[in-house]
Amino acid sequence: MTVPIFLFYAFAVISILGSLGMVLNTRNTVTSAMSLVVTMVALAGIYVLLEAHIVAVFQIMVYGGAIVVLFLFVVMLLNLSTDEFRPGRQRLVKLGAMLLGLIVLAALLRVLTTALPAAQPIPEGFGGFAQVGIALYTDYVLLVEMSGLLLLAAIVGALILSKRKID
Amino acid sequence: MLTEVLIKTLFIMAVIVGAFTPLITWIERKQSAMMQDRIGANRADIAGIRMIGLFHPLADILKLITKEDVVPLGANRAMHLLAPLIAVVPALAAFAVIPFGGVYSFGGKELSLVVADPDWGLLYIFAIGSIATYGTIMAGWSSNNNWSMLGGLRASAQMISYEVTLGLSVVGVFMVFHTLKLSDMALAQDSSFRLLGFVEVLFGLPLPAWLDWLRLPSWGIFLQPLGFLMFLCTMMAENKRPPFDIPEGESEIIAGYHLEYSGMRFGLFFMSEFIGVVVIAGLVATIFLGGWSIPFLPQETIIGVISSVYGTGFATGLCLILHVLTFFLKVIVMIWLQMALRWTLPRFRYDQVMDLCWKVLLPLSIANVFVTALVMLLIQGGQA
């Protein structure tokens, strides 16, 4: 077993364990958020193995560093006690989740049983900042601008919602 | 290859953990004492030899290791034990991408004085720094203490806010040096530019030749002065030392997130802050102060002059040693500056820290990006 393959399995196991720890832990919201961090970091490791360095770095910076910190911030601020999220109430949600899980499982099985195409060699400079930047600002410039507009609208909305008096 | 990486890692660990971090604990006490007209720590001695208090770091470490490690009742034990490690490891790992020397060739074999040199070096530091936030938050939450909890909450709010400005404040540097690779940034600063060169480029006025002597090393601090100030300020805020010690807030929330820690686990938090000081110094030295480069003496010049007398191998080796020494000299200067700031400025209030981030630094950093882009557009092809 070569080193990258070993690393892949290690990260894969860690990320699966992390996500299981997040979902199955119904008693403690903070530890479940920390499991999410573990999953995110392990996923970033897998991205590095796939030569997608920029995705890996942003995975850690945005998901690991910012979003889950915000989750934790909210969870700690509310300081919920354990019995406020008693399991076994939301039947409809459970049913929907199970259905969705079955669909995903079926899709995965289908992908796994069909033969995968042969691996292509990685193009020069793949996943580097120059390539991603050029792609973003030429082919996908409209999408970038649109998401920028969306974020601006979200920021203004958040400001208006959080401000008691608009002056 | 692997042995080379291991040797470089061991070297940098020995310098940072073995020399800089213990020395800084002593320097902090001595420098603050000098600034406050006191004598400072000088009592620790071995067989009567005091060495101006240089044994104090040793005494501190011995004391911290032998102290009892208390886990408070009702604390989340696993998290409480894990939190200091989460805080200290990213601080140490950040040094992997900071180059402490250039690239030297010995008889056709290249030696690059940086442990790992990815294209995304600077972003790696930001990413790993954002992981360090969890150490603080976990410590605050797991201690089962309201003061600690407040400290953890404050830490998460402060770190998230300052991470935004941290990235934006160096975008100007990326633009100027056309890279995010730290070794390339240091290499790009191993030159100089004409101070009045922009006059020639912008207005087409030919300059007299003697004005060519009016040069500055093309360091980040001269090309991005505002970026330097903002970056230093933001990094110090990320490191949570006074004047940005909101998560600790000794006068408000006792000691904040590490209130319930004792012994070496408290020592680890302490250490992570001091390692953070060294990381900031190394990073600022690399991005803004030319890294390992010696002003006005590019690598080729040094090697060229010395090798004409003593041969290339000796010249390259000497150049390597000079560059490493220059880098650590710059690091020491930056550490001194941080210490001086820490003991000069009064600490901010919580709302002042937040206002500084969102109302001053963020707009300024965005403006800095635009101005840099404009200037670069105007003098494209110019020397600056």
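The model is predicted, so local features need pLDDT of at least 70 and side-chain atom pairs count only at pLDDT 80 or more, whereas totals for chains, interfaces and linings use all residues. Residues are numbered from 1 along each chain as its sequence is written, and chains are lettered from A and ligands numbered from 1 in the order in which they are written.

Chain B contains 15 helices and four strands; helices (H or I, at least four residues) and strands (E, at least two) are DSSP runs numbered from the N terminus. Its C-alpha atoms occupy a box of roughly 75 × 50 × 45 Å along the principal axes. A residue is buried if 20 or more other C-beta atoms lie within 10 Å of its own, exposed if 12 or fewer, and partly exposed in between, with C-beta atoms placed from the backbone.

An automatic or database domain assignment divides chain B into domain 1 (1-66) and domain 2 (68-378). Their C-alpha centres lie 21 Å apart. The contact between them takes 16 residues from domain 1 and 14 residues from domain 2, where two residues are in contact if their C-beta atoms, placed from the backbone, lie within 7 Å. On the side of domain 1 that touches domain 2, helix 1 (2-35) and helix 2 (56-66) of chain B each supply at least two residues, and the largest share, 14 residues, comes from helix 1. By class, this side has nine nonpolar, five polar and two charged residues. Ala, Val, Leu, Ile, Met, Phe, Trp, Tyr, Cys and Pro count as nonpolar, Asp, Glu, Lys and Arg as charged, and the others, Gly among them, as polar.

The loop between helix 1 and helix 2 of chain B holds I52(B). I52(B) is exposed because 12 other C-beta atoms lie within 10 Å.

Between the chains, 18 residues of chain A are in contact with 22 residues of chain B. Helix 3 (53-78) and helix 2 (29-49) of chain A each supply at least two residues of the side that touches chain B. Helix 3 of chain A gives the most, with 14 residues. This side of chain A has 14 nonpolar, four polar and no charged residues.
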